[in-house]
Amino acid sequence: MSDLARKDFFVCLGIWLALEIIGFAILPALGLGQTRTSLQSWFLVSLLFGVGGAILTASSTQLGNFFQNQTLFIHNKLLQALFVLLVSWLGLLGVGFPLLVISLQLFTKPLELLKS
């Protein structure tokens, strides 16, 4: 793993971890979200997506460097660029998955209060 890919991996893990703490610890503790027990399945999915997303983001950096040096697998430069772009966006979606959970918590709690 190159230094740039390692840096990307740890930056993505740091961002994901901060979002995890906000979404699964702080919001339920403040009563702004669902209880921790109801978020357990979301937490497990977020663990997989977050770590996988950090790996995909770091590997997209590696793939970009690899495709610049080698053209063994994909001979079309446009396909190479699109593949690297797709892998990096999938990685970013995985890292940002806790934002979905945070958004759901922040928007469903006021709606529940309005219903009752």
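This is a predicted model: local features need pLDDT of at least 70, side-chain atom pairs count only at pLDDT 80 or more; totals for chains, interfaces and linings use all residues.
At 1% relative accessibility, proline 98 counts as buried, because buried means under 20% relative accessible area.

**Proline 98 and helix H4**

- Proline 98 has its place in helix H4, a helix that covers residues 97–115.
- Although proline 98 and serine 46 are 52 residues apart along the chain, their C-alpha atoms are separated by 6.4 Å.

**How H1 and H4 are arranged**

- Two packed helices are described by the angle between their axes and the distance between the axes.
- For H1 and H4, the axes come within 9 Å and cross at roughly 25°.
- Because angles under 35 degrees count as roughly parallel, H1 and H4 are roughly parallel to each other.
- The crossing in which H1 passes H4 is left-handed.

- Leu17, Ile21, Ile22, Ile26, Leu30, Leu32 and Leu106 together make a nonpolar surface patch of about 600 Å².
- Helix H1, which spans residues 3–30, gives the most to this patch, contributing 5 residues.
- One of the residues in the patch is isoleucine 22, which is found in helix H1.
- Isoleucine 22 has a relative accessibility of 36% and therefore counts as partly exposed, since that class lies between the limits of 20% for buried and 50% for exposed.

**A salt bridge in helix H1**

- The count of salt bridges comes to 1, and the side chains of aspartate 3 and arginine 6 meet in a salt bridge with an N to O distance of 3.0 Å.
- Aspartate 3 and arginine 6 are separated by about one helical turn, because they are 3 residues apart in helix H1.
- With a relative accessible area of 61%, aspartate 3 is exposed, whereas arginine 6, with a relative accessible area of 36%, is partly exposed.

**Leucine 85 in helix H3**

- Leucine 85 is found in helix H3, which runs over residues 77–95, and its relative accessible area of 44% makes leucine 85 partly exposed.
- Leucine 85 and leucine 19 are 66 residues apart along the chain, and their C-alpha atoms are separated by 23 Å.

Technical notes
Residues are numbered from 1 along each chain as its sequence is written. Side-chain values use heavy atoms; hydrogens and water are left out. Patches are made of residues with over 30% relative accessible area and no salt bridge: like charges are joined within 9 Å, nonpolar side chains (Val, Leu, Ile, Met, Phe, Trp, Tyr) within 5 Å. Accessible areas come from the Shrake-Rupley method with a 1.4 Å probe; for residues, only the protein chains shown count as cover. A salt bridge is a side-chain nitrogen of Lys or Arg within 4 Å of a carboxyl oxygen of Asp or Glu. Helices (H or I, at least four residues) and strands (E, at least two) are DSSP runs, numbered from the N terminus. Buried means under 20% relative accessible area, exposed over 50%, partly exposed in between (1.4 Å probe, protein chains only). Axes are lines fitted to C-alpha atoms, for helices over the stretch in contact, and angles run from 0 to 180 degrees between N-to-C directions. Angles under 35 degrees count as roughly parallel, over 145 as roughly antiparallel, 65 to 115 as roughly perpendicular and the rest as oblique. A crossing is left-handed if the near helix is turned anticlockwise from the far one by less than a right angle, and right-handed if clockwise.
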